[in-house]
Amino acid sequence: MRSYLLRRLWQSLLVLFGVSVVVFFILHLTGDPAALLLPPDATAEDIAKFRTAMGFDDPWVVQYARFLKGAVRGDFGESLRHGEPAMGLVLERLPATFELAGAGLLIALTLAIPAGIVSAVRRNTSVDYVSTVVALLGQAMPTFWLGIMLILVFSVRLNWLPSSGRGSLEHLILPAITLGLFTTARITRLTRSGMLEVLGQDYIRTARAKGVGESPVVWKHALKNASIPIVTIVGIELGTLLGGSVITETIFAWPGVGRLSVQAIFNRDYPVVQSAVFLLASTFVIVNLLVDVIYTYLDPRIRYR
Amino acid sequence: MAALPPSSVATPVVPLAAPRPSADREWVTLLRRLVRRRTALFGMLVVLGVMLAAVLAPVVSPFDPLEQDIGQRLREPGWQDAQGRLHPLGTDHLGRDILARIVFGSRIALVVGLAAVAISGVLGMLIGLVAGYFGGRVDDFLMRLADIQLAFPFILLAIAVIGVLGPSLQNIIIVIGVSSWVVYARVVRGEVLSIREREYVQAAIALGSQHWRVLRHHVLPNTLTPWLVVATLDMARVIVIESALSFLGLGVQPPTPTWGGMLADGRVYLSTAWWLATFPGLAILITVLGINLFGDGLRDTLDPRLKV
């Protein structure tokens with residue numbers, strides 16, 4: 001158990017190290033970060049001066065070591081536009097992104113798991129067909145189009161809900177649905193297929209044979225065993241949600257990390273972009289580490305690997 | 001009992017030993033089985049339709065997608081202009097025909113989809129083959145690389161890189177292609193792990209075949225089936241990403257029509273002209289749904305055990 005977790009922790013650290021390498025190289029893709037960071041009208045002389053001042057003439061290893069030294073302390077340099085520490089700006093926006101991603105995940109789980117279970121238990125009934133069709137559509141629908149259509153119907157036409165900003169619960173509804181639908185669809189299909197597989201197992205037949213009621217069979221015996229792939233996908237879907245927040249936040253003017261990143265890219269404010277990419281990737285790594293810890297509870301066999 | 005499955009891992013010797021002429025018949029069998037699934041048939045027809053629209057765009061499209069007519073701007077679907085020409089889906093803010101732009105937009109979607117899938121598919125295939133076949137340290141290293149790749153919110157990494165490199169068709173294809181290899185690598189690796197232990201592979205090694213020969217002649221052909229399923233389903237994902245990039249203004253630049261770009265334009269006119277944003281989104285939805293259904297059908301026909 002402990003060695004398994006230690007190994008996972010070590011792997012996560014390696015992944016974070018790799019993430020930092022990629023984030024470092026984003027700025028060096030064009031070969032000249034100085035020209036990238038300065039405004040387009042900067043003179044060649046300015047660029048040369050800036051390059052020396054920032055140490056871009058040093059060997060890459062030296063530059064990366066300097067970058068990593070800053071990164072572990074959360075220092076990614078100052079925002080070129082706001083003149084504040086870039087990481088501070090991103091951290092400020094993080095709660096809004098977590099709020100949105102959390103709400104999206106909550107919608108997904110509360111809709112998808114019951115829908116998937118009912119779909120599996122009442123296989124090939126009209127309930128199953130409806131939920132399957134909705135899931136298929138949900139998986140095919142581009143987030144940005146769904147968001148725009150929701151705004152069209154609920155903000156423009158019916159005038160029920162606000163189309164932008166953050167504050168009240170009403171502001172959260174449309175963006176959360178937009179962000180959560182794809183995940184809802186994925187988890188519904190996964191729950192359905194997982195439950196179908198488990199319900200066909202011998203231990204379910206045994207439970208039924210010894211007289212366990214239908215509802216404990218489904219909700220206790222089957223669901224716990226079907227929940228392992230669901231927990232995995234929740235960890236992975238968090239990446240989808242954090243990434244999807246880039247689009248959703250842009251559509252609904254939600255003041256989170258995603259919208260900040262898009263603005264920063266257009267403003268060529270790369271320290272902010274690097275901080276945001278690094279922070280969201282680290283969040284994903286940490287959550288997936290936690291998922292693995294939850295695993296060992298759900299499936300004790302893993303502990304002995 | 002119908003013929004054996006074309007090349008499932010359970011019967012690995014069949015496709016290799018079979019003489020070439022039977023390959024045709026395998027395809028016919030596969031096609032017949034696919035067509036029997038109604039959803040897969042629907043998906044296949046949609047995919048064919050979109051491909052035809054893209055190839056024949058200048059023929060089937062009633063208008064030039066770039067032809068502006070400010071006098072005819074923001075006309076409703078079904079509008080007929082002075083010359084009696086019908087705009088079935090209306091016109092946009094510059095008086096361009098929306099149907100024509102959707103038809104031409106399918107070209108960008110398909111070109112990016114096919115090219116990016118080709119890049120990531122080949123890359124993932126190579127990485128999966130090497131990781132699965134050689135195992136050990138090599139495998140560990142490549143799988144950690146996969147974890148690193150997966151840790152990034154894809155769209156954020158893509159827009160950051162394209163923001164630095166500048167938006168162009170080539171950059172979009174490269175960025176999506178290079179960063180989408182993980183799913184192929186994992187599936188191929190999984191297959192290789194079991195193929196590696198088969199007698200015919202062991203026999204080839206015992207006879208003194210070199211690694212690259214074993215990989216090319218004995219291992220690779222048996223990973224193609226799952227690879228094809230993954231590639232089909234991934235194509236849908238790539239099309240959504242391309243349109244998301246275009247929507248954010250980081251895709252192929254105007255005036256070239258892209259579905260995502262049209263949506264972004266339409267967003268501004270949401271309160272006065274709903275059709276601008278609605279139809280390009282429907283085009284994406286139908287295309288992606290079609291590819292997904294086709295891919296699901298392909299998976300269920302070729303390799304039902306595959307979890308993708």
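**Exercise 1. Describe the secondary structure and dimensions of each chain.**

*Solution.* Chain B contains 13 helices and two strands, where helices (H or I, at least four residues) and strands (E, at least two) are DSSP runs numbered from the N terminus. The model is predicted: local features need pLDDT of at least 70, side-chain atom pairs count only at pLDDT 80 or more, and totals for chains, interfaces and linings use all residues. Residues are numbered from 1 along each chain as its sequence is written, while chains are lettered from A and ligands numbered from 1 in the order in which they are written.

Chain A, in turn, has twelve helices and zero strands, and its pattern along the sequence reads α-α-α-α-α-α-α-α-α-α-α-α. Along the principal axes, the C-alpha atoms of chain A fill a box of roughly 85 × 60 × 30 Å; for the C-alpha atoms of chain B the box is roughly 80 × 50 × 25 Å.

**Exercise 2. State the burial and the contact range of each chain.**

*Solution.* Step one concerns burial. A residue is buried if 20 or more other C-beta atoms lie within 10 Å of its own, exposed if 12 or fewer, and partly exposed in between, with C-beta atoms placed from the backbone. On this criterion, 39% of the 305 residues of chain A are buried, and 49% of the 308 residues in chain B.

Step two concerns contacts, in which the C-beta atoms of two residues, placed from the backbone, lie within 7 Å. Among contacts with a separation of 6 or more, residues 24 or more positions apart account for 71% in chain A and for 72% in chain B.

**Exercise 3. Characterise the side of chain B that touches chain A.**

*Solution.* The contact takes 39 residues from chain A and 34 residues from chain B. On the chain B side, at least two residues each are supplied by α6 (136-151), α7 (154-165), α11 (211-247), α12 (259-268) and α13 (275-302). The largest share, ten residues, comes from α7(B). By class, this side of chain B has 26 nonpolar, five polar and three charged residues; Ala, Val, Leu, Ile, Met, Phe, Trp, Tyr, Cys and Pro count as nonpolar, Asp, Glu, Lys and Arg as charged, and the others, Gly among them, as polar.

**Exercise 4. Describe the packing of α5(B) against α9(B).**

*Solution.* Two packed helices are described by the angle and the distance between their axes. The axes of α5 (residues 98-134) and α9 (residues 182-195) of chain B come within 7 Å and cross at roughly 35°. Axes are lines fitted to C-alpha atoms, for helices over the stretch in contact, and angles run from 0 to 180 degrees between N-to-C directions. The residues in contact include B:Gly121, B:Gly124 and B:Gly128 of α5(B) and B:Ala185, B:Val188 and B:Val192 of α9(B). The contact of α5(B) with α9(B) has 13 nonpolar, five polar and two charged residues.

**Exercise 5. Locate the backbone exceptions.**

*Solution.* Most residues other than glycine have a negative phi, and most peptide bonds are trans. The peptide bond from B:Pro254 to B:Pro255 is cis, with omega near 10°, and B:Pro255 lies in the loop between α11 and α12 of chain B.

A:Asn124 is not a glycine, yet has a positive phi of about 65°. A:Asn124 sits in the loop between α5 (86-121) and α6 (126-140) of chain A and is exposed, with 9 other C-beta atoms within 10 Å.

For B:Leu74, phi is also positive, near 50°. B:Leu74 belongs to the loop between α4 (57-60) and β1 (79-80) of chain B and counts as partly exposed, with 16 C-beta neighbours inside 10 Å.
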